[in-house]
Amino acid sequence: MKKYTYIIMVSVLLSIFYFETKAQPPLVVSTYPEGQKIDTPAGDEIVVNFDTPIDPQTVHELSFRVFGRWSGPAPGIFWFSNDNTEVRFYPDEPFFAGEWVMVQLSKEIQSATGEHLENPFAWGFWVKTAPGILQQPLVETIELRLPGETYLQTYGAYAGDMNNDGFSDLVAVNESSDDLRILLNDGQGNYPAFTVYDTGDDSTPSPSEGADFNNDGEIDLVVTTAWDTEVRVLTGDGQGSFSNMETYYTSNGVRGVVAGDFDGDGWDDMLTTNRLDGNISIFMNNGDGTFSETGMDLPNQDETACALTDANSDGILDVFFASYNSQKIGVLLGDGEGNFFMNDEVVVQGRPWMIGAGDLNGDGFADVVSVNSNANRTAVLFGDGQGGLGEPVYYAPSNHNFPLAVDLGDIDGDGDLDIVTSNYASKTYTVFENDGSGQLSVAANLTAPKASSCAILHDRDNDGDLDITATDEEDDVILLFENPGTVINSAPTAQKNDLSIAAFPNPATKQVTLRYHLPIQTEVSIVVYNSTGMQVKQLEMAVKPAGDHKLVWDTSGLAQPGIYFIFIKTEKKIKNVTPLLIQQ
């Protein structure tokens, strides 16, 4: 008997030893910027810390993907430190002021011992904006009708950089003329001309969303049909138009769409809310930019809007959704395998037409803003960070009739998210100021000629603050409201109220121009390190006044080409620039 007891005890001890010593999948323990951070400097690096060393060969631009809502896919350079437990990503160009940036890690990432991430990991943050005003003057009205045209029904626009010149362009969707009108930024924040992209007869293009579906580094666009069954995926050509359009068919009334990597394979998938047939469709990427659809029924039978975020702080993408007739806002939690499960629902007053997501009260958790059309009110529901929503807080000011669109951004540059709603019947765009705790007050009512359809918040002229671009679907015009500031006629740089540095060109050969900004007079040091962390050059050591400075560096004396890191140091702060690639 003692012999068998001894054997059992040994077996148990061996089992415990096996499970304790078996290598576990790597886990993300922290990120910078933190999820939902509102004021990330435009030129900052992105940092992920793991609980175990990572295999650098498995970290690249397809397994560690960064996408700016308006700037698009972000190429860059990776740097590994702390025994490869820390991964730093340095984007080649700063992000656009005020935009939402999403970082997605796929399951391809492995530990040094060969274990893959068990689940994908994703989070997002907002880029810092310069101080601005909420009562923005109208500076231009752009007519979208060509001679002889009578009605386009311009519902909204996507403000991505479609031609890679560092400026925000516009792709307007027109439901009645069945086309897109592409307006390229002239580098001054103006749109002097447009081209027409036909989407086919009776296509009624309406909601749209940008992503890089085929992983070619260009912005693609998904355009849905609010009154029909089509979902169109347009492949961006990087030159300001589209090289291909594929049409997928689903349920009727495709009112909302989001895009993200739901299963961690490194390819963006799609989810749509289909109001007329009352369900949700999930389109999984086949790994080549094409899609296969799976349906998902929900009990409300009238899903109409959606927003993508991490609602329960687990690093897996979730979806907020709105149900039109049943007047509910709900949460679908993702499992990292491409499936979503109902977690919470809250009844709201009025029929939700569109929703937006972001951290309104500064607690680090995503909240929901809903525009409830027939009740003439906007609702704010605060998220608890565990997949639940609080009771709605309502705002129903005057000139707020039939709100049907909403966008979020830090318009005044005070470090919290403001809100703009588009109120179709009252011909107004209501600008709500956030007091930092999620409480809103009306700061401005901007007007439209006939019908306020959609307002987009983006930095049109690259001066660091958010401008308001709006559409009127009855007058078929785009309205440019201007946040005053200094126009910068070059690629966007880090915000001018912060310490920043940039290198041009990058990659470089023999000569590099460094441009840096000091917010105050201070002693500044600019030092160059190689990829192993060794200092190779001291470029500057002097007291400099506040403002912009330029330094030209002759790199011909370097021992070999490769990746170098430029650090700017002051008495109070250290800031490292996007790495510089020096070629032969």
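Predicted model: local features only at pLDDT ≥ 70, side-chain atom pairs only at ≥ 80, totals over all residues.
Guide: A strand is a DSSP run of E with at least two residues, numbered from the N terminus. Residues are numbered from 1 along each chain, and side-chain values use heavy atoms without hydrogens or water.

Visitor: Which strand supplies the largest share of the lining of the largest pocket?

Guide: A pocket is an open set of 1 Å grid points where a 1.4 Å probe fits, with protein on both sides within 12 Å along at least five of seven lines, and lining residues have an atom within 4 Å of a point. Of the 32 residues lining the largest one, G72, P73, A74, P75 and G217 are the closest to its centre. At least two lining residues come from each of β3 (64–68), β4 (72–73) and β6 (86–91), and the largest share, 4 residues, is supplied by β3.

Visitor: Is N215 buried or exposed?

Guide: N215 sits in the loop between β14 (205–211) and β15 (220–225), and its phi, near 55°, is positive although the residue is not glycine. Its relative accessible area is 17%, and since buried means under 20%, exposed over 50% and partly exposed in between, N215 is buried.

Visitor: What is the relative accessibility of S313?

Guide: S313 belongs to the loop between β22 (303–309) and β23 (318–323), where its phi is also positive, near 60°, in a residue other than glycine. S313 counts as partly exposed, because its relative accessibility is 47%.

Technical notes:
Buried < 20%, exposed > 50% of the residue type's maximum accessible area, 1.4 Å probe, protein only.
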